[in-house]
Amino acid sequence: MLNIRKDGQMRLITFNPFRTIGIPKVTYIKPENMFKEIEKIKEADYILFPEYWQVNTLVYGLKKKIFPNINTYQLGHNKIETTRVLQAIFPENVPYTQILSKDSGNIEKIEEEFGYPLVAKEIKSSMGRGVFLIENRKELKSYIDNNEFLYIQERLPIDRDLRIVYVGDKVIGAYWRIAGEGQFHNNIAKGASYDYDNIPKEAIDLVENIARELNINHAGFDVVVVDNKLYILEYNVMFGNEGLRNMGINVEEYISEYINNDPDFTPSNPTFPRAS
């Protein structure tokens, strides 16, 4: 049964209009105007795509329903949060990784454990930015000097990865991202290409298991296959939609369906002013 009002629509606010195009009757508020529009926010039924700094206030202070949900935001806030929870719950699906502070980042120990080449990442990055193939001590020292937290990972022998997109309560699309000839990154922003064939069902099942176990409802998971074993590299809360659009998939339709069928939804104050 749809959780909609007599006028046919839930009362929705979005802080990101580009990710909610196509969802009807959504009121847009600029994130910086949150406190100027606080009464309108209090009366909304659902808040869509807040920025991270807004999440705790909306959920814990104002008791609002948000999409993506707070699990998605907090576990996907950076690579450290994502990796640690996966290491605890799905350790066999995480590449060998060390997370260190700069002070404890002993070069000799890193070299002994990982050898070269190794992968080093900035903890908050996307589209391939902040992911480095480190091939010698000079490059490793430069990475350590420029990062407060060190995220060091084994180099896997891959030339592609899977982007598997989970929205609401299911996987809605998946595709390969294949690195360009001689390139390290598999990101489309770094020149990779798409391939929509031969998506392994085991990878879809793994992502659905992870998302349901962790209560994640909007994420693009990066999965690789090495010797028939699946590894999760990370997930992105705000993933790119181009690969899905090429498949004829409209993410907004899945978001709208999901929030309108939320069994835990309770409407807020019905006097909320409608968007024009």
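Contact here means heavy atoms within 4.5 Å. The model is a predicted one, so to speak of local features takes pLDDT of at least 70, side-chain atom pairs count only at pLDDT 80 or more, and totals for chains, interfaces and linings use all residues. Residues are numbered from 1 along each chain as its sequence is written, and side-chain values rest on heavy atoms, with hydrogens and water left out.

Take N241, which sits in the loop between β13 (229–236) and α8 (242–245); helices (H or I, at least four residues) and strands (E, at least two) are DSSP runs, numbered from the N terminus. N241 is buried, at a relative accessible area of 17%, where buried means under 20%, exposed over 50% and partly exposed in between (1.4 Å probe, protein chains only). Neighbours within four places in sequence aside, N241 touches R19 and V251.

Now for α7. Its 14 residues reach 20 Å from first C-alpha to last, close to the 20 Å expected at 1.5 Å a residue, the expected span being 1.5 Å times one less than the number of residues. Among the buried residues of α7 are A203, L206, I210 and L214, and the buried set packs against α3 (70–75), α4, β9 (160–167), β10 (170–178), β12 (218–226) and β13. N215 follows α7 and has a positive phi, near 60°.

Helix α4 (residues 79–89) packs on α7 (residues 201–214) at about 100°, with axes 12 Å apart; axes are lines fitted to C-alpha atoms, for helices over the stretch in contact, and angles run from 0 to 180 degrees between N-to-C directions. V85, L86 and I89 of α4 meet I210, E213 and L214 of α7.
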